[in-house]
Structures are given as structure tokens and as C-alpha cells.
Amino acid sequence: MSIIIGSARIAENGTINGNKGDQTGREVATEEYYRHRFDWFVLRHKDPNKALMMSFDMASACINDNFGYSQGDRYSGLYEAKRVGYDCSKVQTRCNVDCSSLVRICVQYAGVEVGDFYTGNEYSVLMETGEFEDVTNQLDQDTGEGLYSGDILVSQSRGHTAIVTEGKDPRPEIKPEPTPAPPTIEPYPVDDDEVAIYRLYNPNSGEHLLTAIIEEANALLGFGWKSEGVAFIAPKESDTVAFRMYATMHTFVAEVSELHALVESGWHFEGVAFHSGGNVPVYRVYNPTNGDHLFTVDEAEKNRLLEVGCVDEGVRFYAIRAN
């Protein structure tokens, strides 16, 4: 990208003194970086945010035609800028600056208190503040490569000074932390005629869900659901099936009559979820607060839920074993 610098350059008549305000649009202006015949010193503020403030203020001065160039009237711009907190975008009275007084305004805008200076002593005055560092060795004098927005250029022999308005961003690059992969559930080992039924919990809605499909379980983990492990082991085949139903939450039913009743009341039928069979009862507990149906083979868990206001809906399925 092109490196752009801003500065107070020359009066409207081509000399060092002129009328107040920018008569030509080029007295105080930006331009592409160029190599100075005496080369540049480069001073960089140690605080990237203050560097950006100086860059912004210089850019504001360059588009505010109230700033003209005149060495003999260089303090009028400083006076007008001070009245508005050195914010060059707010100066509304015609005035003049020269290159060093404009840089001083931008430095003051960034909160760096400095006294008067000119290009012959600017380097030492700014370095004595302790807020700048000399990064001249980072600059390719021919191309401007290595310059950051807010860098102050001072000619190495008395002559000119400018501020980089468009350069590299001085703020350190913030690399986003890599997004950790969501946890995954490993397939639970079962016999060939068995199926592991996984239970998941949605902390946002309070819903519990059963699934025999491990890919679905892992996909839900990616959406913020929490694994509660294997709920129970079901038979791969049996004469009794568990139908999965959905309204605002899921539930599971075995009786066709209950399935039809739920469909008539607006529930959606989502197919066969798993098979029921074995000697271990699977209890269904209803939470009237959020509408959740929780299934468990743990009678102690069921009883704890009943103690806090949940409703016992009885044994709904059977499992081969807990896990």
C-alpha cells in the first residue's frame, strides 16, 4: 500500500509566509511518502493509541482549510487548536502553522506535553519526553517501507517534519485464540444386539434429550449441549419401540394412543428413536416449570426430582441395563 504523510508545506504564494487559511488546498495537505534529500529520522510513540491520535489529528488538519502555512504566523494555529483541545477537526477560525508547529499540535492532541520546537531541535525535544523511540533503522528511506501510522518524520538536517497518516497499523496484531474443538462422545461399547442410548442436556432451555445416534449427540455438543453420558442400554430390536416427538421440547412415547394424542395437540412425530426391552425400568419425569421430560433408570435421581416439584409419569420403557 502507499504510505501517506501529512504536513504543513508551503504558503499559497510559494514562499514561507502567507495569508491565514489554506488558499490553494495544498498548503497543509497529505501526499505520498518521498525520500527527503537529507533523509529522515523516524520517531514512534511507545503507545500505539497515542500514535493513532497523532495520525488522526494530522489528517484532520490536512482537510481543514482553516489551516494555512506561514512561518511568521506559526503560533496562530497553535492558539486556535489549543482552544479546542488541539483537535484540528474542530478549528473553525482561519489561522496559520508551519511544519513543526503543526506536528506540535498533533503531539499535544495525543496528550504529550511539549514546549516549543522547530525542525532543528524537534528530534531532541521529543526524545526527551521519554514517550518516543527512534526507529529510523526500520525505515527504507527510498520506499517508506517500515512506517506506521502516527510515525513522526524529521529531516536529519533542519528542513521539514511530517506525520504518517496512512501506514501500517501501530497496534500489535491480535491473533484470535483458536476455537477449541467441541468435546466429543466416544461410542460406548455394547454387544451386537444392544444399543447405547445417550442423554444430553441443553443448559439454555433445560431440555433433556435421548438419542441412539452418536453423530447427532456430537453435533449437539457443537451447539452447546452437554453430555450426561449413557442413560441406559437398549435392545437393538424388540417388539416395543420408543417414538420421538417434538413440540417446544422432545419427549418419547411407546403407546400409539399417546402418540396420536400428541400429534392432534400439535406435536411433531420424528420417528422411532430406539427399542424398549429388558428388565430395567425407564422412568419419565415431567418438569412443569419448563416442560422438560427427563428419562432415567436411576430411581434415586427420579426421587430427587420429585422432591423439587417434578411430576412422576411412571415407567415408560424398559432397558437391558443401566450401562
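Mentor: A disulfide is a pair of cysteine sulfur atoms within 2.5 Å. By this rule the count here is zero disulfides. This is a predicted model: local features need pLDDT of at least 70, side-chain atom pairs count only at pLDDT 80 or more, and totals for chains, interfaces and linings use all residues. Residues are numbered from 1 along each chain as its sequence is written, and side-chain values use heavy atoms, with hydrogens and water left out.

Trainee: How is a pair of aromatic rings described?

Mentor: By the distance of the centres and the angle of the planes. Rings of Phe, Tyr and Trp (its six-membered ring) pair if their centres lie within 6.5 Å; planes under 30 degrees apart count as stacked, over 60 as edge-to-face and the rest as tilted. The structure holds nine aromatic pairs. One of them, Phe232 with Phe274, is edge-to-face: 5.6 Å centre to centre, 70° between the planes.

Trainee: Are Phe232 and Phe274 buried or exposed?

Mentor: Both are buried. Ring pairs also link Phe232, Phe252, Phe274, Phe295 and Phe317 into a cluster.

Trainee: Where does the charged end of Lys302 sit?

Mentor: Over the ring of Tyr283, 4.3 Å from its centre. The rule: NZ of Lys or CZ of Arg within 6 Å of the ring centre and within 35 degrees of the ring normal.

How values were computed: Buried means under 20% relative accessible area, exposed over 50%, partly exposed in between (1.4 Å probe, protein chains only).
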